[in-house]
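Please look over the model below before reading my notes.

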Amino acid sequence: MIVLQGVPPTPPSPPFDPNLIFLSDHGPPIALLIVIAALAAAVIILWPIMRAFGRRLEGKGGADPALRAELEQLHARLGEVDTLQARMAELEERMDFTERLLAQSREPDRLQR
């Protein structure tokens, strides 16, 4: 039996060893500081936006007083338009009735001639 012994292959080295960041004695790594600063800035900027969005989803967002006043004014005007439409329909009926009466009073005159 022939047994060949060879050197086992070495595993490939990773392209970047994260342990080197913490083992180096060159001070704090700048890449880590940039990442931490970017995350902190994102949290500071996005926190109020996300809170407002959450309140909006829950329905607790305070409506703008000017917007609420304008909405109430539009509702009042819509009520006025409804009453004006009812009055307009009543006037149309009266006008039709008057036209029929006038037409009836002229027909006998035409028949006598």
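1. Basis. This is a predicted model, in which local features need pLDDT of at least 70, side-chain atom pairs count only at pLDDT 80 or more, and totals for chains, interfaces and linings use all residues. Residues are numbered from 1 along each chain as its sequence is written, and side-chain values use heavy atoms, with hydrogens and water left out.

2. Confidence. The protein chain averages a pLDDT (the predictor's confidence in each residue, from 0 to 100) of 83. At least 70 is reached by 77% of the residues. Helix 2 has the highest mean among the elements, 90. Helix 1 (residues 19–23) has the lowest, 65.

3. Build. The protein chain has three helices and zero strands. Both are DSSP runs, numbered from the N terminus: helices are H or I with at least four residues, strands are E with at least two. The pattern along the sequence is α-α-α.

4. Surface. Of the 113 residues in the protein chain, 0% are buried. Buried means under 20% relative accessible area, exposed over 50%, and partly exposed in between (1.4 Å probe, protein chains only). The accessible surface is about 11400 Å² (Shrake-Rupley method, 1.4 Å probe; for residues, only the protein chains shown count as cover). Carbon and sulfur atoms hold 65% of that surface.

5. Salt bridge. How many are found in the whole structure? One. The term means a side-chain nitrogen of Lys or Arg within 4 Å of a carboxyl oxygen of Asp or Glu. E90 pairs with R94, and their closest N and O atoms are 2.9 Å apart. The two residues are four apart in helix 3, so about one helical turn separates them. E90 is partly exposed, at 39% relative accessibility.

6. Negative patch. E92, E93, D96 and E99 gather on the surface. Patches take residues with over 30% relative accessible area and no salt bridge; like charges are joined within 9 Å, nonpolar side chains (Val, Leu, Ile, Met, Phe, Trp, Tyr) within 5 Å. Asp and Glu count as negative, Lys and Arg as positive; His and the chain ends are not counted. A charge is placed at NZ of Lys, CZ of Arg, CG of Asp or CD of Glu. D96 sits in helix 3 (residues 65–112) and is partly exposed, at 39%.

7. Nonpolar patch. I44, I45, L46, I49, M50, F53 and L57 together have about 770 Å² of accessible area. I45 belongs to helix 2 (residues 30–58). At 55% relative accessibility, I45 is exposed.
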